[in-house]
Amino acid sequence: MSATQKMIALHGGLLGLLFVLQFLLPAYHHGNLARVMVLASYAIGYNIMFGYTGLLSLGHALFFAAGMYGMGLAVNLGGVAPAPALIAGVLAGVVVSAALGLLALRTAGVAFMIVTLMFAQAGYLAVLYFGAYTRGDEGFVIQQAQRIMWGIDLSDPANRYFAAYALFAICLLLSLWVVQRPFGRVLVAIRENEERARMLGYDVFRHKLGAVVLSGTISAAAGAAYGLLFGYVGASFASVQYSIFPLLWVLLGGAGTVLGPFIGTLFMFYLIDLSSGLTSAYMLIAGVALVVLTLFAPQGLAGELRSRIWRWLP
Amino acid sequence: MTMLLSTRGMTRYFAGLRAVHGVDFDLPEGQIRALIGPNGAGKTTFVSMLCGRIPPSEGMISFGGRDISRLPAHKRINLGMAYTFQITSVFARLSVAENVALAARRKVQGADAVARAVQGALDKVGLGDRPDQNAGDLSYGHQRLLEIAMGLVQEPRLLILDEPTQGLADSEIDAFKALIRDLSKSATILLIEHNMSVVMETADFVTVLNFGEILAEGTPQEIHADAAVQAAYLGTG
Amino acid sequence: MDLGPYILLATLEGSVTAAVLALTAIGLSLVFGVMRVVNVAHGEFFMLGAVLAWWVAHMVGAHPALGFAAALVVAPVLVGLVAVAADMTVLKRVDYDPERTIVATIGMLYIIQQITLMTYGPDARPVEPPFNSRLAIPWFEYSENGFQMYWPWGLSTTSYKLAVIAAAAVVLVGVWLLMARTKIGLLMRATQLDREMALAFGIPVERVYAIVFGIGAGLAALAAVLIVPIQQAHYLMGGDPLLLSFIVVIIGGLGSLPGTVIAAVLIGLSDGIISVFFSPTLAKILATLLVALVLVFRPEGLFGVKSR
């Protein structure tokens with residue numbers, strides 16, 4: 001098989017497996033996997049910036065929350081139907097990520113990380129401050145009646161799984177397509193050696209901005225879908241923790257690989273799920289994982305796989 | 001003679017130190033020009049200002065009759081300049097072919113056309129047999145050749161080569177001389193070079209920088225005979 | 001109460017905040033300045049200091065002053081040792097790469113915080129101050145009888161709060177003396193200026209880094225011990241000092257010690273005074289936005305000088 005055929009077989013195989021699993025899994029894992037697919041879409045968005053462009057953001061919760069609140073407030077305050085509300089969420093992501101990119105991309109390295117962290121923190125605090133609309137920490141529930149899109153009840157587990165699956169498939173294929181395109185190749189070039197990319201005639205700033213907006217938009221779509229599918233919008237999704245999570249997932253799965261975000265999200269979700277049954281200090285797992293990964297496997301699972309066995313892995 | 005590139009009063013200070021001062025430089029279309037000078041004469045600073053890596057403190061640059069003093073680097077490159085780095089600066093974790101393809105995609109569209117251009121450029125520099133190797137795994141000399149391939153695949157009007165033969169073996173240098181002569185059919189070449197045999201055998205004209213200023217200009221033979229140049233190099237001036 | 005006494009009170013409270021903040025931030029600034037490491041776990045070292053202070057005071061159990069005095073010594077030293085161990089086992093091994101150290105210190109943040117949750121628990125616990133007499137403060141008023149002195153209700157501070165301010169000032173002078181007058185200070189400054197050169201001159205850079213990381217964490221812990229009689233020890237208390245220290249260090253100019261102290265005083269005081277007029281959440285929003293914008297448009301800090 002050529003590299004392209006292997007690539008199609010692998011990613012197609014994963015999507016096929018996930019499709020079949022919805023008929024086989026017991027209810028508990030069925031629900032979990034739906035959640036994992038939406039969160040993995042968030043991680044895919046994060047990976048575009050961190051994995052492929054080399055921009056380490058500590059503020060992605062801002063985008064996730066922009067999508068979630070863009071959707072949630074449209075439904076809750078505007079009484080909008082789910083489909084346009086989802087679009088409102090995605091558009092909120094476009095606007096917020098473009099604004100953040102224009103400002104934050106004037107910095108680099110550590111300063112970029114802190115700037116994204118600070119903007120996200122300001123966003124989180126803004127959610128608390130405008131508690132009259134957002135209901136602050138407590139958040140708000142999106143009622144079942146408001147979650148019927150085109151006659152499909154998204155609170156029904158089977159429909160929910162399918163919607164999450166659709167979102168994940170779109171995000172996965174989109175990222176696979178982008179990283180094969182010249183645009184994606186330039187992002188990798190910028191990650192590897194920004195000055196060299198500039199001296200080949202590429203407008204580095206515009207490419208980075210494109211990466212931030214694409215990444216922010218996918219993250220926002222995941223946030224909007226999460227709120228709609230699971231019926232809850234709350235400030236904790238805007239907190240630092242939700243900026244750290246995608247970093248952790250992507251690091252664990254393998255930054256700069258198309259499958260890495262899914263693998264990392266799946267592993268970490270179940271690790272935390274299992275340990276939260278044992279202790280309330282389940283974030284300890286996340287902390288240990290971050291340190292261990294930084295020390296021993298900076299390339300993550302899929303990254304190690306690529307450097308050892310499958311060199312063609314995109 | 002039409003000038004492809006001209007500078008007037010190019011000056012650059014670093015923390016009060018004068019790296020380049022008042023350089024008026026004219027490069028006619030089609031020429032192979034060598035830029036020589038002792039270490040620290042300001043050669044790399046000067047060409048870095050030409051292609052926009054470093055902003056000049058003062059002075060203006062025109063390229064193809066157009067004032068480019070205010071243009072950012074990537075726009076100058078898109079006007080037809082190509083720059084190869086002195087310290088090899090290939091994308092170490094990408095394949096040889098992808099390195100060249102990144103340079104080629106500025107000029108040609110479509111996967112097939114890019115692949116053809118890449119293979120052509122690699123063949124020219126003699127790396128055609130190893131497109132899939134990681135660039136970082138190449139020997140130093142081969143990385144320099146890859147840099148040159150990345151420069152020539154852009155089909156530039158002006159190719160700036162910053163010490164391209166540094167670290168090359170003698171046999172590779174001979175091949176490089178032939179390559180330069182071949183390239184000069186389609187491009188103007190500005191060559192920073194320490195190896196005098198390369199300068200003498202390839203350059204049409206030579207500019208000597210010393211302490212950031214032009215010390216002498218002339219044909220290779222004239223420069224070879226110039227007492228001031230010899231003094232600068234030997235440090236007895 | 002009139003506005004005047006109100007603002008005086010806010011200034012006093014703000015000075016306590018500023019004093020503690022200056023200590024915490026100077027630790028962060030030292031670590032960034034010398035090691036170029038952004039320590040996201042800094043707030044957790046602060047929290048650990050507070051929790052250990054409660055633990056030591058609880059163990060000693062005798063007169064509050066005795067327990068507090070013991071905590072003042074034991075907590076910063078223990079936290080410093082934890083930090084040295086973290087530096088040697090983790091940071092050194094990722095070769096102080098800026099991005100990887102940030103990720104690693106985020107990991108440390110959760111490890112320290114969650115282990116504290118597992119052992120110390122989710123409760124907030126107080127430490128008794130060693131002394132705590134209330135000091136009323138007079139105010140002057142102009143009326144038809146000329147200036148009059150009176151004692152507005154609520155306008156008071158405590159001897160302990162004044163002692164915190166004094167202690168912080170003493171420690172800051174100590175840090176300055178350490179940096180300016182001692183051999184280890186000289187080594188730190190040399191390493192800060194040029195790591196490669198320091199290595200070439202045989203300075204044990206790795207040991208200097210470990211010591212700096214330990215001192216930085218110890219200063220945060222010391223600040224926490226000082227504040228814990230006023231504000232209880234809790235496993236989530238590290239977030240605010242971390243955020244505020246970031247703000248201070250960035251506004252003061254990354255790695256600049258005098259800038260950091262000036263910024264701490266400014267932020268600490270304005271935090272107290274602003275919260276008289278605005279909600280604390282709004283004040284925090286404005287402060288975080290200010291930091292982000294300072295980094296974007298004036299990365300050398302508000303008090304820094306451009307390097308070029």
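Which residues of helix α8 of chain A are buried?

Guide: Happy to, and keep in mind that this is a predicted model. The buried residues of α8(A) are A:G184, A:V186, A:L187, A:V188, A:A189, A:I190, A:R191 and A:E192. The helix runs over residues 182–192, and since eight of its 11 residues are buried, α8(A) is largely enclosed by the rest of the structure.

So what does the enclosing? Within chain A, the buried residues of α8(A) pack against α2 (27–53), α7 (157–180), α9 (194–198) and α10 (204–230). They also pack against a helix from another chain, α3 (96–104) of chain B.

Chain A has another neighbour to look at. There are two pairs of chains in contact, and chains A and C share the most contacts. Here 34 residues of chain C meet 35 residues of chain A. On the chain C side, the elements giving two or more residues are α4 (98–119), α9 (239–251) and α11 (280–297). Of these, α4(C) provides the largest share, 16 residues. This side of chain C divides into 26 nonpolar, four polar and four charged residues. Chains B and C, on the other hand, do not touch, with their nearest C-alpha atoms 7 Å apart.

Where they meet, 12 residues of domain 1 are in contact with 11 residues of domain 2. On the domain 1 side, β7 (158–162) and α6 (170–183) of chain B each supply at least two residues. The largest share of that side, four residues, belongs to α6(B). By class, the domain 1 side comes to eight nonpolar, three polar and one charged residue.

Next, the strands of chain B. Four of them form an open, antiparallel sheet in the order β2-β1-β4-β5. The edges are β2 (17–28) and β5 (66–67), each of which pairs on one side only. Strand β1 (residues 3–14) is joined to β2(B) by eight antiparallel bridges, and in that pairing B:M10 stands opposite B:V23. β1(B) also pairs with β4 (residues 58–63), antiparallel again, over five bridges; there you'll find B:L5 across from B:F63. Finally, β4(B) and β5(B) run antiparallel and are joined by two bridges, with B:S62 partnered by B:D67. These two strands make a hairpin with two residues between them, and B:G64 in that hairpin takes a positive phi near 60°.

One more stop is the packing of nonpolar side chains. The largest nonpolar core has 283 residues, and the members touching the most others are B:V100, B:A149 and C:A53. Helix α8 of chain C (residues 205–227) contributes the largest share of this core, 16 residues. Both domains of chain B take part too, with at least three residues from each. For a close-up, click on B:A149: leaving out residues up to four places away in sequence, B:A149 touches B:V100, B:A121, B:L122, B:K124, B:V125 and B:L127.

Terms used. Residues are numbered from 1 along each chain as its sequence is written. Chains are lettered from A and ligands numbered from 1 in the order in which they are written. This is a predicted model: local features need pLDDT of at least 70, side-chain atom pairs count only at pLDDT 80 or more; totals for chains, interfaces and linings use all residues. Two strands pair if DSSP finds at least two bridges between them. A residue is buried if 20 or more other C-beta atoms lie within 10 Å of its own, exposed if 12 or fewer, and partly exposed in between; C-beta atoms are placed from the backbone. Ala, Val, Leu, Ile, Met, Phe, Trp, Tyr, Cys and Pro count as nonpolar, Asp, Glu, Lys and Arg as charged, and the others, Gly among them, as polar. A nonpolar core is a set of buried Ala, Val, Leu, Ile, Met, Phe, Trp, Tyr and Cys residues joined through C-beta atoms within 7 Å. Domain bounds come from an automatic or database domain assignment.
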